[in-house]
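Please work through each task before turning to its solution.

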Amino acid sequence: MHTRTRITAAAFIAAGALLVTGCAGGSSAAPVDVTATPEYSGTLSILTKFAGDPLQPYFEDLATEYTALHPDVSFDLIQETDQSVKDKTKTLTASGALPDIYFSFTGNWADNFIRGGLAADLTDVIGPDTDWGQTFGPASLGAFETDGKYYGVPLYNNGKFMGYNKAIFDEAGVSVPTSFEELIDSCPTIRAAGYEPIAFGNKDGWPGLHYLQQLFAYNVPADVLEADFDPETATLDDPGYLKALEQFKTLVDTCTDTGDGTNGVLYTTAQEALAGGKAAMYYQEILEFDTVTAEGNALTTDNFGFFALPVPAGAQGDPDAIEGAPEGYLVNAKSPRAALAIDFLKFVTDKTNAQTLAAPPYGQPSTVVGAVSAETSSNAVVDGISQVNEASQIVAWLDMVTVPEVADAWLAGGEAIISGSATPDEVLTSVRDASESAE
Amino acid sequence: MQTAVKKALGFAWVLPALVLLGAFVYLPLVQNFGFSLQKWDIYSGTSEFVGLKNYLKLVDDPIFWSALGNNLLYAVISVAFQVFGAIVLAAIIESIRSDRWRRSLRAIYFVPSAISLTVAGLLFYFIYEPNLGLLNAALDSVGLDALARPWLGQESTAMLGIIAMSQWQGFGYSTLLFAIAIQRIPSELYEAASIDGVGPFRRFFTVTLPLVREMTGLMMIVTISGAFQVFNEVMVMTSGGPNNSTQVLGTWLYRSGFVRNDFGYAAAIAMVIFIVTLAIALVQLWITRRRRVEW
């Protein structure tokens, strides 16, 4: 064999070896003991979704207070925004660098970490029968339950409502709509009064999904909707989907000033339009209530009101469903500091810190029982969370409740409906295709 | 004996570079090819060998083809502006007699290149913003409000909007490089052409263009390769939307991996990008080597 041939052969063998080692995946580690007594030393790494104002200081302050109690404990805080936390989490997961504590949505998002053995089983410390578990609302705690085991620490609850400016409604002479059709009918009147009826920014795609999921919950029977989230059981042939997509298109065309260009607007721009008194309504999460009425905004707490997206006439789904979900934190199943992580999370969710979280400027409706009250939180947050608690069911975010391929198809479909480049039928077909290929 | 020592020493000098190249370029390349033959679950860390399935999936994926088309459009427009447009502009600037004006113009055109792509993307996002953006306001103020539109919000204009920003950002850099190449052309050639009665247009085509051929070749490689590696500006301005209309190979790779959890497929897209850019580079290197002009 010539030298060059030998070198080539060696290179291929080396490449083959790399491929084989690349194919060998997975690692098994002994489960962490979450009930162990924590050792108060070392650096605790945490990935939060609290980057930016007004949320950024919450974990920073808690870390400082915890270090004051336990001087040998330090923190490595990775704070991300709602948009960037998704990419950051996956990057850290793929590179095997998940922190000790990390943010998680519920639904398929959390299930992936549980299925992959990356989330510690916290049943022994946070199960419904434990002291810590009983401090949370049962529904919130159950949001991170899988096969009877509890994996997450729910930090705050959330729900989606149409926030509105009472002063603009009064000026335009419109009242809170009681049906979807009334909402649509009110838009030209509000526009005639000189305001954008509904501010909407869909640059990131997910704000459109929030409308769609609430409309699906109204138009599609609950059991059908639930089955359709899972590609194994999905048929996606209920006529309610088409009705919901058509209603969404009507709302965009009639009630937004940006119309088919809404995909070019940031959701924060829309939020500012309501906060700045330029728009009458903005579909928002409870988490945003205190932001739109923050000091200095044209919209004051007295003029701020909200209502659930009104139900379309003749809708065949659940008229009392509200879209939302708790959000919380998982503990890395491979963390050498799992016990310390749990101790810190207990500190984060004690009554005092939970009340701080629920109060302005944070305004995050804590899942801890009694933390959200008229004494600690704004009236809007208290009322919002009451409505979430009274809802017949909480429908989780569409991009979190189903598998990523299907969520991505809905996201592109929502954008296509807005821009008018696809009909509801075409969107539904593309989602069905995505669901079939994801099976 | 001395020759052997010399050879060993020579090898020792290049060894660090070889090790670094191997570790950070070729090893990841081979590993990426390995990943492209697998279905990889980042959560469990497990993977399954699927052969060429990810490559076959590429063939049936309409978004992959539209992303490839967007890269091609990007390349064509970039070559037109950043290569041919830049040569013309550089020739005009270098023909200006005033040294001060020449320097000033070079600096003015170069400034956008000093801005990071992410910042430039954000800047243009706000210029294109449908409600508050400068572009629509400018069109409005000159009575062209009928042309105002949500530039990045509509599938028909979003990709062109991004490409326009990219030309603004990269145009000055290539102009500067061409200006340097033009400065290297001996002035005697221009003088001789002038004595022969050759006008400025013909001088450009018969003197300037042939003698900057090497730089033109290099800029073609850099521009076309760059067009197939576009990522930042698209992510900042549209994230590939609306309705995937601005996906390019880089963003579709990212979305496939980090949003759709299909890392094997993402690795296959990465291999396509590598093959395309490598092929372009090899072809153009070959062409420019054959036509090298020396003086």
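**Exercise 1.** In what order do the strands of the open sheet of 4 strands in chain A stand?

*Solution.* Some conventions come first: the model is predicted, local features need pLDDT of at least 70, side-chain atom pairs count only at pLDDT 80 or more, and totals for chains, interfaces and linings use all residues. Residues are numbered from 1 along each chain as its sequence is written, while chains are lettered from A and ligands numbered from 1 in the order in which they are written.

Step 1. Identify the elements: helices (H or I, at least four residues) and strands (E, at least two) are DSSP runs, numbered from the N terminus. Two strands pair if DSSP finds at least two bridges between them.

Step 2. Read the order, which is β8-β9-β7-β10 of chain A, with mixed pairing.

Step 3. Consider the edges. Strands β8 (196–199) and β10 (304–307) of chain A each have a single partner strand, so one side of each is left without a neighbour in the sheet. From one strand to the next, the twist averages 25 degrees; such angles run from 0 to 180 degrees between N-to-C directions, with axes as lines fitted to C-alpha atoms.

Step 4. Strand β7 (residues 160–165) and strand β9 (residues 279–285) of chain A are antiparallel and share 5 bridges. Within this pair, A:K160 stands opposite A:E285 of β9(A).

**Exercise 2.** Describe the open sheet of 5 strands in chain A.

*Solution.* Step 1. The strand order is β2-β1-β3-β12-β6 (chain A), and the pairing is mixed.

Step 1. At the edges stand β2 (73–79) and β6 (152–156) of chain A; each has a single partner strand, so one side of each lacks a neighbour in the sheet.

Step 2. Compare two pairings. Strand β1 (residues 42–48) of chain A runs parallel to β2(A), and 7 bridges join them; here A:L47 stands opposite A:I78. Strand β3 (residues 101–104) and strand β12 (residues 327–331) of chain A run antiparallel and are joined by 4 bridges; the bridge partner of A:Y102 in β12(A) is A:L330.

Step 3. Together with helix α2 (residues 57–69) of chain A, β1(A) and β2(A) make a right-handed β-α-β unit. The crossover is called right-handed if, with the strands pointing away from the viewer, the path from the first strand over the helix to the second runs clockwise.

**Exercise 3.** State how chain A is divided into domains and how the domains touch.

*Solution.* Step 1. The domain assignment of chain A gives domain 1 (42–157 + 325–371) and domain 2 (160–323 + 396–438); such bounds come from an automatic or database domain assignment.

Step 1. The C-alpha centres of these two domains of chain A lie 29 Å apart.

Step 2. In chain A, 13 residues of domain 1 are in contact with 13 residues of domain 2. Two residues are in contact if their C-beta atoms, placed from the backbone, lie within 7 Å.

Step 3. The side of domain 1 of chain A that touches domain 2 of chain A has 7 nonpolar, 6 polar and no charged residues. Ala, Val, Leu, Ile, Met, Phe, Trp, Tyr, Cys and Pro count as nonpolar, Asp, Glu, Lys and Arg as charged, and the others, Gly among them, as polar.

**Exercise 4.** Which elements give two or more residues to the side of chain B that touches chain A?

*Solution.* Step 1. Across the interface, 34 residues of chain B are in contact with 37 residues of chain A.

Step 1. The elements are α1 (2–36), β2 (47–49) and α12 (249–259) of chain B. The largest share, 4 residues, comes from α1(B).

Step 2. By class, this side of chain B has 14 nonpolar, 15 polar and 5 charged residues.

**Exercise 5.** Is B:L209 buried or partly exposed?

*Solution.* Step 1. Locate B:L209, which lies in helix α9 (residues 200–211) of chain B.

Step 1. Apply the rule: a residue is buried if 20 or more other C-beta atoms lie within 10 Å of its own, exposed if 12 or fewer, and partly exposed in between, with C-beta atoms placed from the backbone.

Step 2. B:L209 has 15 other C-beta atoms within 10 Å and is therefore partly exposed.

Step 3. Contrast a helix: 11 of the 11 residues of α12(B) are buried, among them B:S256. B:L209 and B:S256 are 47 residues apart in sequence and, C-alpha to C-alpha, 43 Å apart in space.
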